[in-house]
Amino acid sequence: MIEKVFSISGRKVNSLILDEDSIKISSSTDSQTIQGFREAFKKKLTLDYKVEIPYNSILSIEKEMGDDGIQINYESNNGQSKVIRFSFVVSSDQDFFYRYFEEEKNYSRWEDSMTSMEATKGYYSGLFITLLITAYSYIQAQKIELDPSIVETYSRKAYLYFRLVQLLGAKGVLVVSFLFVVLIVYFIITRHKNPPNSLKLYPA
């Protein structure tokens, strides 16, 4: 057990502790002490996002060399494989995190070159999502060009998006999308030709 609250960044996560039997992760930024973190983590009626990963449920801990992101693959209580990704705000905390699992938890360390599929799969997902957003935005831009007043009928949250689509117009949407697609394809080709190395930790 480490008496420290680590600051992390990621989707809905801001803090982490290495507790006696598990990693505890929370969206809260209020607790600066271990005791405060634990008390907040136990609360039932809260809007904080919380994840507890027992050490014995961890399948692997992975990171791409040269990248700050860490991925923990683990098994949930119902047997499903789950993934959580985050990065440490302080770079030295990342080094400590890996040493802790290697030295205190006896995890095996593997360094290897990623396969082309591993190196590019995230970018293929990004390309697919970009094309979906483009198709939707293009259709909306055409509708707005026929009747600009419909922009005012959208909710407050959606208004800014549709206002941007209106400003770009159907052709503008295609141009912006084309630039994103070119950038993503560039990364796919680059990473396919030269896959980066990865660092993986496995439980003994």
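Analyst: Gladly, and one definition comes before the rest: a residue is called buried when its relative accessible area is under 20%, exposed when it is over 50%, and partly exposed in between, using a 1.4 Å probe and the protein chains only. This is a predicted model, in which local features need pLDDT of at least 70 and side-chain atom pairs count only at pLDDT 80 or more, while totals for chains, interfaces and linings use all residues. Residues are numbered from 1 along each chain as its sequence is written, and side-chain values use heavy atoms, with hydrogens and water left out.

User: Ok, is Val-51 buried or exposed?

Analyst: Val-51 counts as buried because its relative accessibility is 9%. Val-51 sits in strand β4, residues 50-54, where strands (E, at least two residues) and helices (H or I, at least four) are DSSP runs numbered from the N terminus.

User: And what does Val-51 touch?

Analyst: Taking contact to mean heavy atoms within 4.5 Å, and not counting residues up to four places away in sequence, Val-51 touches Ile-23, Lys-24, Ile-25, Phe-41, Tyr-74 and Ile-84. Val-51 and Ile-25 are 26 residues apart in sequence, yet their C-alpha atoms are 5.1 Å apart in space.

User: What about helix α1, which of its residues are buried?

Analyst: In α1, which covers residues 34-42, the buried ones are Ile-34, Gly-36, Phe-37, Arg-38, Ala-40 and Phe-41. The buried residues of α1 pack against β2, β3 (22-26) and β4.

User: Let's look at β2 then. Where is Ser-15, and is it buried or exposed?

Analyst: Ser-15 belongs to strand β2, residues 13-18, and it counts as buried because its relative accessibility is 5%. Its side chain reaches the backbone oxygen of Ser-28 at 2.8 Å, which falls under the heading of a polar contact, a pair of N or O atoms within 3.5 Å; within protein, one must be able to donate a hydrogen and the other to accept it, and residues adjacent in sequence count only if both atoms are side-chain atoms. Leaving out residues up to four places away in sequence, the residues that Ser-15 touches include Phe-37 and Ile-25.

User: How many residues are in the largest nonpolar core?

Analyst: The largest nonpolar core has 26 residues, and Ile-23, Ile-72, Phe-97 and Phe-101 have the most contacts inside it. Helix α2, residues 91-104, supplies the largest share of this core, four residues. Another core lies apart from it, with eight residues, among them Ile-144, Val-165, Ala-170 and Val-173. A nonpolar core here is a set of buried Ala, Val, Leu, Ile, Met, Phe, Trp, Tyr and Cys residues joined through side-chain atoms within 4.5 Å.

User: Which residues does Ile-72 contact?

Analyst: Apart from neighbours within four places in sequence, Ile-72 contacts a list of residues that includes Ile-23, Ile-53, Val-83, Phe-86 and Phe-97.

User: Switching topic, how many salt bridges are there?

Analyst: There are eight salt bridges, counting a side-chain nitrogen of Lys or Arg within 4 Å of a carboxyl oxygen of Asp or Glu. One of them joins Asp-19 and Lys-24, with the closest N and O atoms 2.9 Å apart, and both of these residues are buried.

User: Which one links distant parts of the chain?

Analyst: Lys-200 forms a salt bridge with Glu-118, and their closest N and O atoms are 3.6 Å apart. The pair links distant parts of the chain, since Lys-200 is in strand β9 (residues 197-202) and Glu-118 is in helix α3, 82 residues apart. Lys-200 counts as buried because its relative accessibility is 17%, whereas Glu-118 is partly exposed, with a relative accessible area of 31%. Salt bridges that share partners also join Asp-19, Lys-24, Arg-38 and Glu-52 into one network.

User: Last one, what is the phi of Lys-12?

Analyst: Lys-12 has a positive phi of about 65 degrees, although it is not a glycine. Most residues other than glycine have a negative phi. Lys-12 lies in the loop between β1 (6-10) and β2, and it is partly exposed, with a relative accessible area of 45%.
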